[in-house]
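Below is a short briefing on one protein chain. Please look through the sequence and the structure before reading the points that follow.

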Amino acid sequence: MKTLVIIIVSVIFGMHSSNAQTINKLQIDSFLIDHTIEFNKKQKPIFCNNIDSMSKVLEKNKINYSRCVFPFVGNVLNDSTLMGGGCNTYILNKKKPFIYYHVTQDLNGSIIIEVLEGNSYI
């Protein structure tokens with residue numbers, strides 16, 4: 001019985017998480033392109049399952065990047081529902097344009113986009 005409950009919860013959480021990834025793919029891509037630096041404007045945002053692992057790979061390869069979080073009220077992605085956010089910039093050695101992102105949805109239905117984007121800062 002305990003195993004059945006765990007399986008059901010895992011399936012529900014998995015569906016909820018995967019739903020967050022596809023909810024507004026075009027809106028997510030558009031938002032990220034609009035809010036990235038000029039260095040990345042021609043890049044296509046790429047979904048990433050594990051942002052922490054990707055940031056470790058970037059650091060290991062000494063690639064400059066910024067790590068940003070954009071929380072939204074509800075599931076509409078625009079500047080009026082954006083609740084703030086912030087970025088940390090990691091300046092290493094190599095410059096490479098890219099945009100990797102991960103989307104989660106909290107229990108209230110709000111969307112949080114976590115982004116790793118290449119930067120040209122020195």
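**Briefing on the predicted model**

Residues are numbered from 1 along each chain as its sequence is written, and side-chain values use heavy atoms, with hydrogens and water left out.

**Overall layout**

- The protein chain has three helices and five strands, where helices (H or I, at least four residues) and strands (E, at least two) are DSSP runs numbered from the N terminus.
- Read from the N terminus, the order of elements is α-α-β-α-β-β-β-β.
- Of the 122 residues, 33% are buried; buried means under 20% relative accessible area, exposed over 50%, and partly exposed in between (1.4 Å probe, protein chains only).

**Helix α3**

- Helix α3 spans residues 51-60, and its buried residues are Ile51, Ser55 and Leu58.
- These residues cover an arc of only 60 degrees around the axis, which puts them on the same side of α3; the arc is that of the directions from the helix axis to the C-beta atoms.
- The buried residues of α3 pack against β2, β4 (99-105) and β5 (111-118).
- Lys56 and Lys60 are exposed residues on the face of α3 turned away from its buried side.
- At the N-terminal end, Asn50 caps α3, with a side-chain oxygen 3.2 Å from the backbone nitrogen of Asp52.

- Six of the seven residues of β4 are buried, so β4 is largely enclosed by the rest of the structure.
- Strand β1 (residues 46-47) runs parallel to β4 and is joined to it by two bridges; two strands pair if DSSP finds at least two bridges between them.
- Phe47 stands opposite Tyr101 in β4.
- β4 and β5 pair in the antiparallel sense over seven bridges, and Tyr100 has Leu116 in β5 as its bridge partner.
- Five residues lie between β4 and β5 in their hairpin, and Gly109 in the turn has a positive phi of about 90 degrees.

**Arg67**

- Arg67 lies in strand β2 (residues 65-71).
- Arg67 counts as buried because its relative accessibility is 17%.
- Its side chain makes a polar contact (a pair of N or O atoms within 3.5 Å; within protein, one must be able to donate a hydrogen and the other to accept it, and residues adjacent in sequence count only if both atoms are side-chain atoms) with the side chain of Asp52, at 2.5 Å.

Technical notes. Predicted model: local features only at pLDDT ≥ 70, side-chain atom pairs only at ≥ 80, totals over all residues. Contact = heavy atoms within 4.5 Å.
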